[in-house]
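Please keep the sequence and the structure in view while reading.

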Amino acid sequence: MVNSISRRRLLTAGSALAAASVSTQALGQHHGHHEVAAVEKKLGRSVAQVTGDELRFPEVRRSVNGVLETTLRLSYGPTDIDGQRATAMTFEGSYPGPTLMAQPGDTLRIKFINDLADASNLHTHGLHVSPSGNSDNVFLVIQPGETFDYEIKIPEDHPSGTYWYHPHVHGLTFSQVSGGLAGALIIEGGLDELEGIKGRVDQLLVIQSVQFDDSNTIVPADDQEMHFQTRTVNGQINPTLRIRPGEVQRWRLVNATSETYLMIGMEGHPLYQISKDGNAMTRVEKLERLLIEPGCRADVLVKGHQFLGSWELRKMLWLGSERQYEPDELLATLVVEGEAVTDHVIPTALLPLSEDLRGMPVDRTREIRFSVDRSQPGGTRFLIDGKQVDMGRVDQTVQLGAFEEWVIYNDSPDWHPFHIHVNDFQVVAVNGVPVDEVLSFEDTRGLPPNGSLTIRHRFLDFTGKFVYHCHLLFHEDHGMMGIVEVV
Ligand SMILES: [Cu+2]
C-alpha cells in the first residue's frame with residue numbers, strides 16, 4: 001500500500017551511503033571512456049542497449065488559432081524505449097508523452113482518457129492557470145475507464161518557456177511518473193525572439209529514470225533502486241546530438257524523474273543558462289555544472305567546441321547530504337562536426353524581471369516546516385508542520401492578490417525540492433542569508449538539509465485550492481504536501 005514504505009526502499013538509503021563513499025574517490029577525475037566499464041557494471045543490462053541513435057524530438061502537438069485540441073490517453077502497455085519494445089505507463093503510447101506547444105492566451109482542450117488500472121489526473125507543472133473546475137485541478141480524480149475534458153486557459157501575459165505535465169493524484173503520483181507518465185509543455189514567445197537565440201536549433205531533452213526487468217517492463221516504482229535505474233533522454237539511452245564548431249544551440253532540459261537530482265555537466269562545453277522553470281533569466285549564467293532538481297527545468301545555450309569530436313553530456317556525481325547521493329552517468333553524446341560557424345554570439349542580457357520582490361513590504365509572513373519522522377515502527381512519515389497531507393483540509397488561507405513571504409524550514413537531514421502550484425516565487429534568502437541577486441521567478445527549489453528558504457510570491461488572478469509539496473514524489477505521496485486556498 002502507498003502508506004507504508006517497502007523494506008526495499010529503507011534498504012536503499014544504506015546502499016547509497018556505501019556507494020557514496022566509494023565514488024567520492026572518483027571526484028575530480030576526468031570522466032572519459034575508461035569509466036564506461038564502471039558505468040556498465042552499475043547499470044547492468046541497460047547499457048547493452050546503448051545505440052547512440054540521433055536524438056529524436058518527441059511528437060509535437062501545437063495550438064491552432066488559439067486552441068490546442070488534443071487527446072491524452074493514459075495506458076499501461078507496449079511502447080518504444082530506446083528503439084526497443086517495452087512496457088510502461090504512457091500518454092498516447094509514447095515515452096515520454098507528446099510535446100504540447102501553445103502560446104500565451106491560448107486554451108488547452110485536452111480529452112483525458114484514463115485507461116490505467118488506477119485513478120489519475122493531469123497537472124500542468126509551472127503554469128499560472130486556474131487550479132479549479134476542469135483546469136489544473138489536482139483535486140480531480142479521474143477513475144479507470146473514465147474520460148474527462150480539461151480546459152486550461154493560459155493568460156495573455158503568461159511567461160514563455162519550458163513546462164511539463166504529469167499526473168497528480170495523491171498517493172499515486174510517484175508510481176505514475178516513475179512508470180513513464182510525463183511530457184513537455186512549451187509556451188512559445190519571450191526568449192525565442194531575442195537576438196542570439198532566435199533561429200537557433202531548439203532542442204528538447206526530457207530526462208526520465210527507468211528500470212527494466214528482464215522482459216523490458218518498467219519495474220514498479222516502489223521496487224526500483226537507484227543503482228539499477230538508467231536515465232533516458234526523450235526515451236533514448238545515450239542519444240547523439242550534433243553541433244558545428246562555434247554554433248550556438250538552445251537546449252531545454254526537463255527533469256521529469258520522480259526523485260533524481262540531476263547535476264548536469266558537459267565535457268569542454270560550459271552551459272549558458274537562460275531560463276529556469278519556464279521563466280527567462282535577467283542575464284546569462286555561465287556554468288560548468290548545473291543542478292536541476294526533480295520537477296525543475298533549465299534552458300541553456302551550448303556553443304560547439306572548436307575541436308571536432310565526441311563530447312559527453314553527463315549526470316555528474318552529486319552528494320547532496322549524508323543521506324542523498326546520485327552517481328555519475330552518461331546521458332547523451334554531443335558530436336561536434338562540420339564547417340565552423342563564426343557569427344553566433346552568446347547574448348549577455350536576457351529579459352528583465354517583471355519586478356524584484358525583495359525590499360517591498362509584504363502583507364503577511366508565514367513559517368512552514370518540513371520534517372521527516374523516522375521514529376514510528378510503521379514506517380517513515382514525511383511531514384509539513386508536523387502533519388501528513390489531508391486532501392480535505394486547508395492549511396493556508398490566502399487573500400487573492402496578497403503579497404506574502406514564506407520562510408520554509410527543513411528540520412530533516414534530507415533535501416526536499418519545494419514546489420508550489422499556480423504562482424511562481426522568488427527566492428530572497430537561503431539559510432537566512434539574503435541572496436545577492438534574483439535571476440528569475442521559479443516554481444521548484446531545493447530546500448537544504450537542516451536549512452531554510454525564504455520565498456516571496458503574489459497570489460494573483462485565481463481563487464481556489466491548490467498545493468505546495470516536496471517534489472521528491474515518494475515524499476509527496478507519503479504526506480509531504482499542504483493545501484492553500486486563495487479566497
Ligand atoms: Cu522531500
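## A buried tryptophan

Trp406 counts as buried because 20 C-beta neighbours lie inside 10 Å; by the definition used here, a residue is buried if 20 or more other C-beta atoms lie within 10 Å of its own, exposed if 12 or fewer, and partly exposed in between, with C-beta atoms placed from the backbone. The model is predicted, so that local features need pLDDT of at least 70 and side-chain atom pairs count only at pLDDT 80 or more, while totals for chains, interfaces and linings use all residues. Residues are numbered from 1 along each chain as its sequence is written.

Trp406 lies in strand E26, which spans residues 403–410; helices (H or I, at least four residues) and strands (E, at least two) are DSSP runs, numbered from the N terminus. Leaving aside residues up to four places away in sequence, Trp406 touches Arg366, Ile368 and Ile455, where contact requires C-beta atoms, placed from the backbone, within 7 Å. The C-alpha atoms of Trp406 and Leu453 are separated by 8.1 Å, although these residues are 47 apart along the chain.

## The six-stranded sheet

E26 belongs to an open sheet of 6 strands, ordered E24-E23-E26-E31-E28-E29 and mixed in its pairing; two strands pair if DSSP finds at least two bridges between them. At the edges stand strand E24 (381–384) and strand E29 (433–434), each with a single partner strand, so one side of each has no neighbour in the sheet.

Strand E28 (residues 426–430) and E29 run antiparallel and are joined by 2 bridges, with Val430 standing opposite Val433 in E29.

## The five-stranded sheet

Another open sheet is formed by 5 strands in the order E25-E33-E32-E27-E30, again with mixed pairing. Its edges are strand E25 (396–398) and strand E30 (444–447), and because each has a single partner strand, one side of each is left without a neighbour in the sheet. On average, neighbouring strands of this sheet are turned by 25° against each other, direction ignored, the axes being lines fitted to C-alpha atoms, for helices over the stretch in contact, and angles running from 0 to 180 degrees between N-to-C directions.

Within this sheet, strand E27 (residues 416–420) runs antiparallel to strand E32 (residues 464–470), and 3 bridges join the two. Ile420 stands opposite Tyr468 in E32.

## The protein as a whole

The protein contains 4 helices and 33 strands, and 47% of its 487 residues are buried. Of the contacts between residues at least 6 apart in sequence, 78% join residues at least 24 apart.

How values were computed: Contact = placed C-beta atoms within 7 Å.
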